[in-house]
Amino acid sequence: QGRVSCNQNMSLEKEVAETQLSLQPLIDRPQLKDKLLTKPPFRFLHDIVSAITRSTGFAEGLYNEKELDSGSIKDKDAKLNYLKKIVDCVNVCLGERLDVKGAKVCMVCSRPRYGVFLRS
């Protein structure tokens, strides 16, 4: 895909709409509902990454068997490790560093960068 820019002034509604437009053609589930995209829980992010991998082959082999099962990722460190892996993978594939940290992907305060990360 082409480069995805981060517009810090983009409204939340526009950010959500752009993310939905970019991702929904690639995946059937999870549904990319506004509420979940606004403040994504870990399970939602895991489901998106898994669905994109199934659909496109992106990040195939990045995770071990245990990490592929969202139910087995319970503690904070395991969740952060999972998110760090995919953020690092996206950074390598883009050839640049997105300003996204695994610990903040699930927080609304990083919303503009989060949308860019998902669309990348």
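**Group meeting: a walk through the helices**

Okay, let's start with helix α1, where E15, V16, T19 and L23 are buried. Buried here means under 20% relative accessible area, exposed is over 50%, and partly exposed is in between, with a 1.4 Å probe and protein chains only. Those four cover an arc of only 95° around the axis, so they sit on the same side of α1. The arc is taken from the directions that run from the helix axis to the C-beta atoms. Remember the general rule: an α-helix has 3.6 residues a turn, so residues three or four places apart point the same way. On the face of α1 turned away from the buried side, you'll find the exposed residues E13 and L21.

Before I go on, a word on what we're looking at. This is a predicted model, with residues numbered from 1 along each chain as its sequence is written. Local features need pLDDT of at least 70, side-chain atom pairs count only at pLDDT 80 or more, totals for chains, interfaces and linings use all residues, and side-chain values use heavy atoms, with hydrogens and water left out.

Now the overview. We have 6 helices and 0 strands, where helices (H or I, at least four residues) and strands (E, at least two) are DSSP runs numbered from the N terminus. Of the 120 residues in the protein, 38% are buried. If you take contacts with a separation of 6 or more, 55% of them join residues 24 or more positions apart; contact means heavy atoms within 4.5 Å.

D34 lies in helix α2, residues 34-38, and counts as partly exposed because its relative accessibility is 48%. Leaving out residues up to four places away in sequence, D34 touches V16 and Q20.

Take I48: setting aside neighbours within four places in sequence, I48 is in contact with L23, P30, L32 and L118.

Last topic, the aromatics. How many aromatic pairs does a search of the whole structure find? There are 2. Rings of Phe, Tyr and Trp (its six-membered ring) pair if their centres lie within 6.5 Å; planes under 30 degrees apart are stacked, over 60 edge-to-face, and the rest tilted. F42 and Y82 have ring centres 5.4 Å apart and planes at 80°, so that pair is edge-to-face. F42 is in helix α3 and Y82 in helix α5, 40 residues apart. Y63 and Y82, on the other hand, are stacked, at 4.1 Å centre to centre with 10° between the planes. Y63 comes from the loop between α3 and α4 (65-68), 19 residues from Y82.

Y82 is buried, at 1% relative accessible area, and Y63 is buried too, at 10%. Put together, ring pairs link F42, Y63 and Y82 into a cluster.
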